[in-house]
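Open the model in your viewer and keep the selection tool at hand.

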Amino acid sequence: MKPDFTRRLLQWNKSSNNRAMPWKGEKDPYKIWLSEIILQQTRVEQGWSYYEKFIAAFPTIMHLAKASEEKVFKMWEGLGYYSRCKNLIATARKIASDYKGKFPDTYDEIIALPGIGPYTASAISSFAFNAPHAVLDGNVQRIIARYFGITTPVDTTEGKKLYQNLAQSLLHRDEPGIYNQAIMDFGAVICKPQNPLCQDCVQQKECEGFRQNIVTQLPIKQKAIIRKERWFYYFIIEYKGKWYIKQRTAKDIWENLFEFVLYESPAAMDNISLKLPFLKKLVNGRPCQLESISRPYRQQLTHQTIHGRFVKIQVGETLPTLSDFLLIDKKQLSKYAFPRFITTFLGEPVSLKSESEV
């Protein structure tokens, strides 16, 4: 073990760490929890405004617990990974009912809440209650791997145990909250994934990764992420100025968000027309007109890439095949939460127009 790591880190934090965030130094577990959930899979630059917006709308966890799901999801719109929002609501309501609105103050109670894992539980318990639990996320894994020169893959059982033990051993027991914030900041501004600032690093002399010139190769992951591609074709069915929309309920991406009529193709479609079997079955012989086809859209998610287009169809009467959809005035779309794939399209003019009738 290298005992000077913790001392140097805290010295750096005190003298050189100027990383500013609105929740830094916060002791309110509700605000800490909210910031941590928002920052899961989200850059600080993007999450900052959402955090301030949520705090303004829901100053306490009871305000959040009492809010409608529709309002919370609409405020979350654009952050992605919507299961986080679902768990946010579930946790707020659980604390309101089981703890009378008071955030639990032990690690075991905190980690039992929906959507909270070891990292978030450690962050909340150390920041709010000064409990001695070390945070361990990608930032911390990267720092530890480089400092100790670890080549054990982080995503193996052996690796997970090794990194957790090392993280806990480096923790400053008297100031766990300050230490945890310091090491996360250190990973964000000095020991970065790309182009780390080794020349400015206070740990450089004892860093095995630097000594062996393998900094950029660490940490090592055994499993490569397998990304799949999907093709979404959204049909905007319009009847007298109203559009059909439906809430996604399947255990899939964008759960609980709204969308238009969706046809997921096994591959990209070169020709989109009213002769498409999916569309013919949808309109079932009723008069309709293909009004426009959008440019191709693409969104990169963590494990998959979504491709697709938006096809606008005018119909002369309502469609019984869409009886489980909402038919809303298109001026009311802003009241519903949609995935970014759709909101991007809604913010652009139609790029391609063609007409045909059946």
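A salt bridge here is a side-chain nitrogen of Lys or Arg within 4 Å of a carboxyl oxygen of Asp or Glu. The model is a predicted one, and a search of the whole structure finds 21 salt bridges.

**Stop 1: Glu 238 and Lys 330.** Select both side chains; they form a salt bridge, 3.5 Å from N to O. Because Glu 238 sits in strand β1 (residues 228–239) and Lys 330 in the loop between β8 (326–329) and α14 (340–346), this pair ties together parts that are 92 residues apart in sequence. Glu 238 is buried at 6% relative accessibility, while Lys 330 is partly exposed at 35%.

**Stop 2: Lys 312 and Glu 291.** Next, show the salt bridge between Lys 312 and Glu 291, where the closest N and O atoms are 3.1 Å apart. Lys 312 belongs to strand β7 and Glu 291 to strand β5 (residues 288–293), so the pair links parts 21 residues apart in sequence. Both residues are buried.

Now select Arg 230, Arg 248, Asp 252, Glu 259 and Glu 264, which salt bridges with shared partners join into one network.

**Stop 3: Lys 251 and Glu 255.** The closest N and O atoms of this salt bridge are 3.4 Å apart. Colour by accessibility: Lys 251 is exposed at 71%, whereas Glu 255 is buried at 13%.

**Stop 4: Ile 313.** Go to strand β7 (residues 304–315), which holds Ile 313. Its relative accessible area is 0%, so Ile 313 counts as buried, the cut-off being under 20%. What is Ile 313 in contact with, leaving aside neighbours within four places in sequence? Select Phe 235, Ile 236, Ile 237, Glu 238, Leu 274, Leu 279, Cys 288, Gln 289 and Leu 290.

**Stop 5: Arg 84.** Finish in helix α6 (residues 83–98), where Arg 84 is found. Side chains of opposite charge can pair when their charged atoms come close. Arg 84 is buried yet has no salt bridge, and the nearest side chain of opposite charge, Glu 36, is 9.7 Å away. Which backbone oxygen does the side chain of Arg 84 reach? That of Leu 79, at 2.9 Å. Beyond four places in sequence, the contacts of Arg 84 include Ile 37, Ile 38, Leu 39, Gln 40, Gln 41, Thr 42 and Trp 76.

Terms used:
Residues numbered from 1 in each chain as written. Predicted model: local features only at pLDDT ≥ 70, side-chain atom pairs only at ≥ 80, totals over all residues. Heavy atoms only, no water. Helix = DSSP H or I, 4+ residues; strand = E, 2+ residues; numbered from the N terminus. Buried < 20%, exposed > 50% of the residue type's maximum accessible area, 1.4 Å probe, protein only. Contact = heavy atoms within 4.5 Å. Lys, Arg positive; Asp, Glu negative; His and termini not counted. Polar contact = N/O pair within 3.5 Å; in protein donor to acceptor, adjacent residues only side chain to side chain.
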